[in-house]
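Colleague: Could we go through this model together, one question at a time, with the criteria spelled out as we go?

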Amino acid sequence: MFLSILSAATAGLGGLVAILVLRAITVKSKQPKPSSLAPDTSPFDGNGKIVSNLQEAIRYETISRMPGDINYSEILKFHAFLQKAFPRVHSSPLVKREVIVSYSLLYTVEGTDPSLKSYILAAHMDVVPVEGQDWDVPPFEGRIQDGCIYGRGTIDDKHSLMGIMEALESRLERGEKPVRPLYLCFGHDEEVGGVDGAFNIGKTLLGRGVEAEFLLDEGYTILQDVIKHVSRPVGLIGVSEKGRLNVKLSVDSANTGHSSMPPAETNIGILANAVSKLESTPFPSMFGSGVEYDNFVYLTSEVEYPIKLVFANLWLFQKLVESIMRKKESTRALLHTSTAITVFKGGVKANVLPPSASAIVNHRIHPSQTIQQVLERDRRLINDDRIKMEILQGREATITSPYDEQCFAYQSIGQSIKQVFPDAIVAPGILLANTDTIHYTSVTDKLYRFCPTFNLPEDIPRFHGVNERIRISNYEQVVKFYYILMHHADRQQL
Ligand SMILES: *[C@@H]1O[C@H](CO)[C@@H](O)[C@H](O)[C@H]1NC(C)=O
Ligand SMILES: [Zn+2]
């Protein structure tokens, strides 16, 4: 009896292993098909001019601190620098330059085939402050050291803006005529929400009836050794962005007065209890309902065993993958709507009962949920009528842009990544941060977030952090990427 159970079990197990392996070896590649275009990018190799241009771009202290508190004079100097650095872009009859709301830039590039829908390349001119950070190099000098250009903005996001401009300048210099109409949208306040710059550029485009084929803005990068168990670099293309919601919780219903005769609960106690419930009960995982799942599906054909076995069989290993993702903050945030209690205030004096207490909860909303759902869930969980809830600020998650084999935009971006980073695996992802893209949702529903920056784990803290830098060899790749992308985008179809 025992033996027959054992043999049945082994047979079952053998069958299961066979299925797992079969799924792994028959998995279909979701990688972009190589394109037949091979634009000549050799002029960017060892090109001192593109390097010195980026160095100079870094020297403008285009810092934004708050909406309305931006170093406007530096932004204007940066405009003048662009005009000097890119003479062909600024003199070509094919290019129209406009200043939007005094500080943002919109370039309209005519295409030889106006019947084609336009596309948009976006980047931003402003940078985050450096106060309180202990840099090893001056942050606004553009110093070259260890084969890198250092400075605030080298990876966020001047390399991208400059790379786009270098690519267009080079096309015009070579007498190439862009086929598909192109807009370059350079906001001046992305770091504080783009509420003035990108917002008004988007509005301008909408007013002109622009319906773009796609938009590419900053976002994920080429990541090496950042994704565990994947040895090849991974180029993630952000196809959606989490939403955000700031909710203020407040309570003032408890008795106040002298602390010698306290009620059972104080306003602080009531609120602390509510906040504690929110923190200790995370939102459920949404894994399996969207991009974060497909991220693995797209990686599967490219990764090595034994991890390939896991990715190819998410039907079985979903819970395992989820539990691994849950261990790290950065991957856990991909799974669900996150909750962070960021502000807590209450109390005036040691012997006085607090007249009120308030807190702010910051949610980042998973693309499969809405602000309303998140708010209702918070209310249900708190389950206390004494707590007032008020939305301070909210923004829904963006729609998910397509990333299938037929999608011209996703494939064009992916093919361009492959040409510059032949070893890279391309996959879709959800962006946890926010970008200017949300201001362009009415001119296109194909919004992508990707920068051709090459990042090792040690590079990640440099974003908004100290010693921000880009390798010179990588910057050449940045320019090449945009140059190749412009060629891919010029095709009528895939
Ligand atoms: C802008 O930056 C320049 C250069 O650092 C500085 O001299 C000026 O005071 C700054 N202006 C503001 C408003 O921060
Ligand atoms: Zn940025």
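Colleague: In β7, which residue is the bridge partner of I144?

Modeller: This is a predicted model, in which local features need pLDDT of at least 70, side-chain atom pairs count only at pLDDT 80 or more, and totals for chains, interfaces and linings use all residues. Residues are numbered from 1 along each chain as its sequence is written, chains are lettered from A and ligands numbered from 1 in the order in which they are written, and side-chain values use heavy atoms, with hydrogens and water left out. β6 and β7 (residues 148–150) pair in the antiparallel sense over 2 bridges, where strands are DSSP runs of E with at least two residues, numbered from the N terminus, and pairing requires that DSSP finds at least two bridges. In β7, the partner of I144 is I149.

Colleague: Which geometry does the site of the zinc ion (ligand 2) have?

Modeller: The zinc ion (ligand 2) is coordinated by H124 (NE2), D156 (OD), E218 (OE) and E218 (OE), at 1.9 to 2.7 Å, donors being N, O and S atoms within 2.8 Å of the metal (3.2 Å for Na, K and Ca), and since water is not among the atoms, sites may look incomplete. Four donors count as tetrahedral if all angles lie between 85 and 135 degrees, and four count as square planar and six as octahedral if opposite donors are over 155 degrees apart and all others between 65 and 115, with anything else irregular. With angles of 52 to 150° among the 4 donor atoms, the site is irregular.

Colleague: Is E218 buried or exposed?

Modeller: H124 lies in strand β5 (residues 119–124) and E218 in strand β9 (residues 214–223), 94 residues apart. Buried means under 20% relative accessible area, exposed over 50%, and partly exposed in between (1.4 Å probe, protein chains only). With a relative accessible area of 9%, E218 is buried.

Colleague: How many disulfides does a search of the whole structure find?

Modeller: A disulfide is a pair of cysteine sulfur atoms within 2.5 Å. The sulfur of C451 is 15 Å from the closest cysteine sulfur, in C185, which is too far for a bond. For the whole structure, the number of disulfides found is 0.

Technical notes:
Helices (H or I, at least four residues) and strands (E, at least two) are DSSP runs, numbered from the N terminus.
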